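Reader: I've got a new model open and I'd like to talk it through with you. Shall we go question by question?

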Amino acid sequence: MGIKALDYETLNENVKKVQYAVRGELYLRASELQKEGKKIIFTNVGNPHALGQKPLTFPRQVVALCQAPFLLDDPNVGLVFPADAIARAKHYLSMTSGGLGAYSDSRGLPGIRKEVAEFIERRDGYPSDPELIFLTDGASKGVMQILNCIIRGQGDGVLVPVPQYPLYSATISLYGGSLVPYYLEETANWGLDVNNLRESVAQARFNGITVRAMVIINPGNPTGQCLSEANLREILNFCYQENLVLLGDEVYQQNIYQDERPFISARKVLMDMGPPISKEVQLVSFHTVSKGYWGECGQRGGYFEMTNIPPRTVDEIYKIASISLSPNVPAQIFMGLMVNPLKPGDISYEQYVRESKGILESLRRRARIMTDGFNSCKNVVCNFTEGAMYSFPQIRLPPKAIEAAKKAGKVPDVFYCLKLLEATGISTVPGSGFGQKEGVFHLRTTILPAEEDMPEIMSSFKKFNDDFMEQYEDHWSHSRM
């Protein structure tokens, strides 16, 4: 028999080009060590419940009743579930065409899309159209749908921040497009310089690439910075001048750990700017139930909202969504509960506020513990995590360590992270998986381990790091880039 269609040699080359470091070499090695009985702390992915975050009670009660609607007919249901959870379960079940086991519209249940539109209007102060909101299986699926519509071939480029979440590089590779990097400035707290954007676009055009879209991740992943209103205005002006569609990845908008720079949506700033920009710039914004104090990653609930996208394009996006028939219905209900939360006076309100506030306050403290912990280590420099769920410290590796990595056939930060994993069980992601400037090395870790475990984890990291630096140090000097 000759070579078959699904032999490696004959696979779609775009599939082979895809790299996704969050579940890459480090994760696979960590999984092997776990099977061998080593205790592993998986800080490689923003997966709150896997690291001990408790689910919010009220949404789980509502979805439990929706999943088992016969409970609503039990005369004792009120002894187990609060009245507001029962009422909300009936509210969502009435939106479906046969409960959670029935397909919904390919854009999601109309009633929940209406709740999303009302949430956006409350947040931004401008009306939102439910017909321009699509519910998706997590924000990632929405990002993939939109990039699939934008990328026509290798000549089409997408501006992506570096460091970036590898969903973008992986999807652009999969669809055969070209990633056009723009570098965030670490010494300016991962700030964005519009001159850098212009240079990236000019270089791409010189290379024959048509830049069609720009991605922002706000708050940043893996860098944790929050974009200011002034920064967002600059970005929107730039997109207007260059005729780019802006993709606003805003999945961490609940995760803010300082008061100086609150989250502001790209859509609000766009609307505030007024015509002609507010009527011209094409914007797609993404959100999810996976992050924030919800952390419901496994439910796979998300949405995207389109602004200034022509009706015929919306119809084409609907057509593509229809191929999958329906986003998963339980996750749509989680989304409804997130965007239409309990209100003062509701029976479960106080518990809901207590739980959500407790999670956010703990995350704020953990962000500080982790930043301070990294900055106490030899040759490690870390900006404060303003938002999102990650620390992204710079690891200033000695030349001897870089040489040892080369001899081992490893990228230097992969070498460091593998040694860290073997010594401590802490599973991180090397900075090279997100992109970084030449000769500069990082790692990404979540701030999600339980607060009571954090001092021990940081102590374990510090001991490993300082021993590692001692081992490879040769009285070298290294200034921060």
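This is a predicted model: local features need pLDDT of at least 70, side-chain atom pairs count only at pLDDT 80 or more; totals for chains, interfaces and linings use all residues.

Reader: Okay, then is A388 buried or exposed?
Author: A388 sits in the loop between strand 9 (380–381) and strand 10 (390–391). Its phi is near 70 degrees, a positive value in a residue other than glycine. With a relative accessible area of 0%, A388 is buried.

Reader: And where does W190 sit, and what is its relative accessibility?
Author: W190 is another residue other than glycine with a positive phi, here near 60 degrees. Most residues other than glycine have a negative phi. You'll find W190 in the loop between strand 4 (178–183) and helix 9 (194–206). It counts as buried, since its relative accessibility is 4%.

Reader: Stepping back, how does the radius of gyration of the protein chain sit against the globule rule?
Author: The chain has 18 helices and 14 strands. For 481 residues the globule rule gives 23 Å, and the chain comes out close to that, so it is as compact as a globular protein of that length. The radius of gyration is 23 Å.

Reader: What share of the residues is buried?
Author: For context, the accessible surface of the chain is about 21,000 Å², with 52% of it belonging to carbon and sulfur atoms. Out of the 481 residues, the buried share is 56%.

Reader: Which residues of helix 11 are buried?
Author: Helix 11 covers residues 266–273 and is mostly covered, with six of its eight residues buried. The buried ones are A266, R267, V269, L270, M271 and M273.

Reader: How far apart in sequence are the parts that the pair of Y416 and F468 ties together?
Author: There are 15 aromatic pairs in total. Y416 and F468 make an edge-to-face one, at 5.0 Å centre to centre with 80 degrees between the planes. Y416 belongs to helix 17 (residues 412–424) and F468 to helix 18 (residues 454–472), so the parts tied together are apart in sequence by 52 residues.

Reader: Which residues do ring pairs link into a cluster there?
Author: F468 also pairs with F464, this time tilted, at 5.7 Å and 40 degrees. Those two are four residues apart in helix 18, which means about one helical turn separates them. Both are buried, F464 at 10% relative accessible area and F468 at 4%. The cluster consists of F415, Y416, F464, F468 and Y472.

Reader: What separates the C-alpha atoms of V162 and Q436?
Author: V162 is in strand 3 (residues 156–162), and it is buried at a relative accessible area of 6%. Leaving aside neighbours within four places in sequence, its contacts include P181, Y182, F434 and Q436. V162 and Q436 are 274 residues apart along the chain, yet their C-alpha atoms are separated by 6.2 Å.

How values were computed
Residues are numbered from 1 along each chain as its sequence is written. Side-chain values use heavy atoms; hydrogens and water are left out. The radius of gyration is taken over C-alpha atoms; the globule rule is 2.2 Å times the number of residues to the power 0.38. Buried means under 20% relative accessible area, exposed over 50%, partly exposed in between (1.4 Å probe, protein chains only). Accessible areas come from the Shrake-Rupley method with a 1.4 Å probe; for residues, only the protein chains shown count as cover. Rings of Phe, Tyr and Trp (its six-membered ring) pair if their centres lie within 6.5 Å; planes under 30 degrees apart count as stacked, over 60 as edge-to-face and the rest as tilted. Contact means heavy atoms within 4.5 Å.
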